[in-house]
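Subject: Model for you to look at

Hello,

Here is the structure I promised to pass on. Please open it alongside this note; my findings follow below.

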Amino acid sequence: MNTHYTPREPTRTTPPLHGETSHAREELADWLRDAHAMEMQAEAMLKGQAARLENYPQLKARIEQHITETQRQARDVEQCLKSMGEDTSALKDSGGKAMAMMQAMGGMIMGDEVIKGALVGYSFEHMEIASYTVLTAAAEAAGEQEIASVCERILGEERAMAEWLSAHTPEVVRKYLARAESESAKSKR
Ligand SMILES: [Fe+2]
(Lines give C-alpha, C1' and ligand atoms only; values in the text may rest on other atoms or scores of the structure.)
Protein backbone atom coordinates (compact mmCIF):
# COMPACT_ATOMS: atom_id res chain seq x y z
CA MET A 1 0.00 0.00 0.00
CA ASN A 2 2.71 2.47 1.03
CA THR A 3 5.14 2.92 -1.84
CA HIS A 4 7.29 5.54 -0.12
CA TYR A 5 8.41 3.33 2.73
CA THR A 6 12.13 2.85 3.17
CA PRO A 7 13.42 0.60 5.94
CA ARG A 8 15.11 2.48 8.76
CA GLU A 9 17.51 1.44 11.48
CA PRO A 10 15.57 0.84 14.70
CA THR A 11 16.28 3.69 17.13
CA ARG A 12 15.08 1.92 20.27
CA THR A 13 17.74 1.53 22.96
CA THR A 14 15.95 -0.96 25.22
CA PRO A 15 16.47 -4.61 24.33
CA PRO A 16 13.64 -6.33 22.42
CA LEU A 17 11.45 -8.76 24.38
CA HIS A 18 11.65 -11.44 21.69
CA GLY A 19 14.35 -12.72 19.37
CA GLU A 20 13.87 -11.66 15.74
CA THR A 21 12.00 -8.39 16.26
CA SER A 22 13.65 -5.94 13.86
CA HIS A 23 11.74 -7.31 10.88
CA ALA A 24 8.53 -7.26 12.92
CA ARG A 25 9.24 -3.62 13.87
CA GLU A 26 9.67 -2.60 10.23
CA GLU A 27 6.40 -4.29 9.28
CA LEU A 28 4.65 -2.76 12.28
CA ALA A 29 5.79 0.75 11.31
CA ASP A 30 4.66 0.21 7.73
CA TRP A 31 1.23 -1.06 8.83
CA LEU A 32 0.83 1.81 11.29
CA ARG A 33 1.39 4.22 8.37
CA ASP A 34 -1.32 2.41 6.41
CA ALA A 35 -3.63 2.62 9.43
CA HIS A 36 -2.99 6.36 9.67
CA ALA A 37 -3.95 6.83 6.00
CA MET A 38 -7.04 4.69 6.62
CA GLU A 39 -8.10 6.91 9.54
CA MET A 40 -7.67 10.04 7.40
CA GLN A 41 -9.91 8.44 4.78
CA ALA A 42 -12.40 7.46 7.48
CA GLU A 43 -12.53 11.03 8.77
CA ALA A 44 -13.19 12.46 5.30
CA MET A 45 -15.83 9.82 4.55
CA LEU A 46 -17.63 10.26 7.89
CA LYS A 47 -17.63 14.05 7.58
CA GLY A 48 -19.12 13.75 4.09
CA GLN A 49 -21.83 11.43 5.43
CA ALA A 50 -22.65 13.50 8.51
CA ALA A 51 -23.14 16.61 6.38
CA ARG A 52 -26.00 14.91 4.47
CA LEU A 53 -27.90 13.23 7.29
CA GLU A 54 -30.27 15.96 8.49
CA ASN A 55 -33.23 13.51 8.29
CA TYR A 56 -31.45 10.82 10.33
CA PRO A 57 -30.48 12.58 13.57
CA GLN A 58 -29.57 9.40 15.49
CA LEU A 59 -27.24 8.12 12.76
CA LYS A 60 -25.75 11.60 12.36
CA ALA A 61 -25.03 11.84 16.11
CA ARG A 62 -23.35 8.42 16.19
CA ILE A 63 -21.25 9.30 13.13
CA GLU A 64 -20.23 12.60 14.72
CA GLN A 65 -19.15 10.73 17.86
CA HIS A 66 -17.06 8.42 15.67
CA ILE A 67 -15.47 11.40 13.86
CA THR A 68 -14.13 12.54 17.24
CA GLU A 69 -12.88 8.99 17.95
CA THR A 70 -11.35 8.75 14.47
CA GLN A 71 -9.42 12.03 14.89
CA ARG A 72 -8.01 10.78 18.17
CA GLN A 73 -7.15 7.41 16.61
CA ALA A 74 -5.14 9.14 13.86
CA ARG A 75 -3.23 11.14 16.49
CA ASP A 76 -2.62 8.02 18.59
CA VAL A 77 -1.35 6.02 15.59
CA GLU A 78 1.00 8.90 14.75
CA GLN A 79 2.19 8.91 18.38
CA CYS A 80 2.86 5.14 18.16
CA LEU A 81 5.10 5.76 15.13
CA LYS A 82 6.93 8.57 16.95
CA SER A 83 7.48 6.33 19.98
CA MET A 84 9.23 3.89 17.63
CA GLY A 85 11.50 6.69 16.43
CA GLU A 86 9.82 6.76 13.01
CA ASP A 87 9.62 9.86 10.82
CA THR A 88 5.98 11.01 10.63
CA SER A 89 6.43 14.10 8.45
CA ALA A 90 4.98 12.41 5.33
CA LEU A 91 1.75 11.32 7.07
CA LYS A 92 -0.10 14.60 6.56
CA ASP A 93 0.36 14.59 2.77
CA SER A 94 -1.12 11.15 2.19
CA GLY A 95 -4.04 12.08 4.41
CA GLY A 96 -4.70 15.28 2.50
CA LYS A 97 -4.82 13.46 -0.82
CA ALA A 98 -7.13 10.77 0.54
CA MET A 99 -9.40 13.42 1.99
CA ALA A 100 -9.68 15.37 -1.25
CA MET A 101 -10.51 12.17 -3.12
CA MET A 102 -13.15 11.05 -0.63
CA GLN A 103 -14.77 14.50 -0.57
CA ALA A 104 -14.94 14.57 -4.36
CA MET A 105 -16.48 11.09 -4.40
CA GLY A 106 -18.90 12.07 -1.63
CA GLY A 107 -20.15 14.97 -3.72
CA MET A 108 -21.09 12.64 -6.57
CA ILE A 109 -23.36 10.38 -4.53
CA MET A 110 -27.04 11.13 -5.12
CA GLY A 111 -30.51 9.79 -4.31
CA ASP A 112 -30.05 6.77 -2.08
CA GLU A 113 -26.85 8.25 -0.59
CA VAL A 114 -27.94 7.31 2.94
CA ILE A 115 -28.02 3.63 1.99
CA LYS A 116 -24.81 3.80 -0.07
CA GLY A 117 -23.19 5.55 2.89
CA ALA A 118 -24.45 2.84 5.24
CA LEU A 119 -22.90 0.14 3.00
CA VAL A 120 -19.55 1.90 2.72
CA GLY A 121 -19.46 2.84 6.41
CA TYR A 122 -20.31 -0.67 7.55
CA SER A 123 -17.64 -2.21 5.28
CA PHE A 124 -15.07 0.37 6.32
CA GLU A 125 -15.53 -0.39 10.02
CA HIS A 126 -14.84 -4.05 9.33
CA MET A 127 -11.69 -3.21 7.40
CA GLU A 128 -10.59 -1.17 10.43
CA ILE A 129 -11.41 -4.07 12.78
CA ALA A 130 -9.23 -6.35 10.61
CA SER A 131 -6.41 -3.77 10.51
CA TYR A 132 -6.24 -3.27 14.28
CA THR A 133 -6.44 -7.02 14.86
CA VAL A 134 -3.34 -7.33 12.66
CA LEU A 135 -1.63 -4.35 14.33
CA THR A 136 -2.27 -5.60 17.87
CA ALA A 137 -0.68 -8.97 17.04
CA ALA A 138 2.22 -7.32 15.16
CA ALA A 139 2.94 -4.91 18.03
CA GLU A 140 2.96 -7.81 20.50
CA ALA A 141 5.33 -9.78 18.25
CA ALA A 142 7.63 -6.74 18.01
CA GLY A 143 7.70 -6.37 21.80
CA GLU A 144 5.83 -3.04 21.61
CA GLN A 145 3.34 -3.64 24.42
CA GLU A 146 2.21 -0.02 24.70
CA ILE A 147 1.45 0.16 20.97
CA ALA A 148 -0.44 -3.14 21.28
CA SER A 149 -2.60 -1.59 24.04
CA VAL A 150 -3.34 1.50 21.94
CA CYS A 151 -4.32 -0.70 18.97
CA GLU A 152 -6.51 -2.86 21.19
CA ARG A 153 -8.33 0.20 22.52
CA ILE A 154 -8.91 1.51 18.98
CA LEU A 155 -10.09 -1.99 17.97
CA GLY A 156 -12.76 -1.76 20.71
CA GLU A 157 -13.97 1.61 19.34
CA GLU A 158 -14.20 0.24 15.78
CA ARG A 159 -16.10 -2.82 17.03
CA ALA A 160 -18.52 -0.61 18.96
CA MET A 161 -19.17 1.47 15.84
CA ALA A 162 -19.65 -1.66 13.68
CA GLU A 163 -22.07 -3.11 16.25
CA TRP A 164 -24.02 0.14 16.40
CA LEU A 165 -24.31 0.21 12.60
CA SER A 166 -25.33 -3.45 12.56
CA ALA A 167 -28.11 -2.77 15.08
CA HIS A 168 -29.37 0.45 13.48
CA THR A 169 -29.00 -0.14 9.72
CA PRO A 170 -32.38 -1.94 9.36
CA GLU A 171 -34.13 1.04 10.93
CA VAL A 172 -32.28 3.47 8.60
CA VAL A 173 -33.34 1.35 5.58
CA ARG A 174 -37.01 1.37 6.71
CA LYS A 175 -36.91 5.13 7.27
CA TYR A 176 -35.28 5.70 3.88
CA LEU A 177 -37.91 3.55 2.09
CA ALA A 178 -40.77 5.29 3.90
CA ARG A 179 -39.39 8.71 2.94
CA ALA A 180 -38.83 7.64 -0.67
CA GLU A 181 -42.41 6.34 -0.78
CA SER A 182 -43.91 9.60 0.50
CA GLU A 183 -41.69 11.66 -1.86
CA SER A 184 -42.93 9.68 -4.86
CA ALA A 185 -46.57 9.99 -3.67
CA LYS A 186 -46.07 13.76 -3.45
CA SER A 187 -44.63 13.98 -6.95
CA LYS A 188 -47.58 12.04 -8.41
CA ARG A 189 -50.13 14.45 -6.94
FE1 LIG B 1 -10.96 4.28 13.02
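Start with H4 and H5. Their axes lie 8 Å apart, and the two helices pack at an angle of about 160°. Angles over 145 degrees count as roughly antiparallel, so H4 and H5 are roughly antiparallel to each other. Their crossing is left-handed. Bear in mind that this is a predicted model.

Now the overall layout. The chain has five helices and zero strands. Along the sequence the pattern reads α-α-α-α-α. The chain has 189 residues, and 29% of them count as buried. Take the contacts between residues at least 6 apart in sequence: 78% of these join residues at least 24 apart.

Several of its residues are buried, among them Val-114, Gly-117, Ala-118 and Gly-121. Glu-125 and Glu-128 are also on the buried list for H4. What covers the buried residues of H4? H1 and H5 are included in that cover. After H4 comes Gly-143, with a positive phi near 75°.

Next, H1 against H4. Their axes come within 10 Å and cross at roughly 160°. H1 and H4 are therefore roughly antiparallel to each other. This crossing, too, is left-handed. On the H1 side, the contact includes Ala-24, Glu-27, Leu-28, Trp-31 and Leu-32. On the H4 side, it includes Gly-117, Val-120, Gly-121, Phe-124 and Glu-128. Leu-135, Ala-138 and Ala-139 of H4 also take part.

H2 and H5 form another pair. Their axes come within 11 Å and cross at roughly 165°. That makes H2 roughly antiparallel to H5. H2 passes H5 in a left-handed crossing. From H2, the contact residues include Gln-58, Leu-59, Arg-62, His-66 and Glu-69. From H5, they include Glu-146, Ile-147, Val-150, Ile-154 and Glu-157. Met-161, Trp-164, His-168 and Val-172 of H5 belong to the contact as well.

On to the core. In soluble globular proteins, nonpolar side chains tend to be buried together. Here the largest nonpolar core has 31 residues. Those with the most contacts inside it are Leu-28, Leu-32, Leu-135, Ala-138, Ala-139 and Cys-151. H1, H2, H4 and H5 each supply at least two residues of this core. Which helix gives the largest share of this core? That is H1, with 12 residues.

One is Cys-151. Beyond its neighbours within four places in sequence, Cys-151 is in contact with Tyr-132, Leu-135, Thr-136 and Ala-139. Leu-135 and Ala-139 are themselves among the core residues with the most contacts.

The other is Arg-25, in helix H1. Is Arg-25 buried or exposed? The cut-off for buried is 20 or more other C-beta atoms within 10 Å. Arg-25 has 24, so Arg-25 is buried.

Over to you.

Best wishes

Conventions:
Residues numbered from 1 in each chain as written. Predicted model: local features only at pLDDT ≥ 70, side-chain atom pairs only at ≥ 80, totals over all residues. Helix = DSSP H or I, 4+ residues; strand = E, 2+ residues; numbered from the N terminus. Buried ≥ 20, exposed ≤ 12 C-beta atoms within 10 Å, placed from the backbone. Contact = placed C-beta atoms within 7 Å. Core = buried A, V, L, I, M, F, W, Y, C linked by C-beta atoms within 7 Å. Axes fitted to C-alpha atoms, helices over the stretch in contact; angles between N-to-C directions. Parallel < 35°, antiparallel > 145°, perpendicular 65-115°, else oblique. Left-handed = near helix turned anticlockwise from the far one by under 90°.
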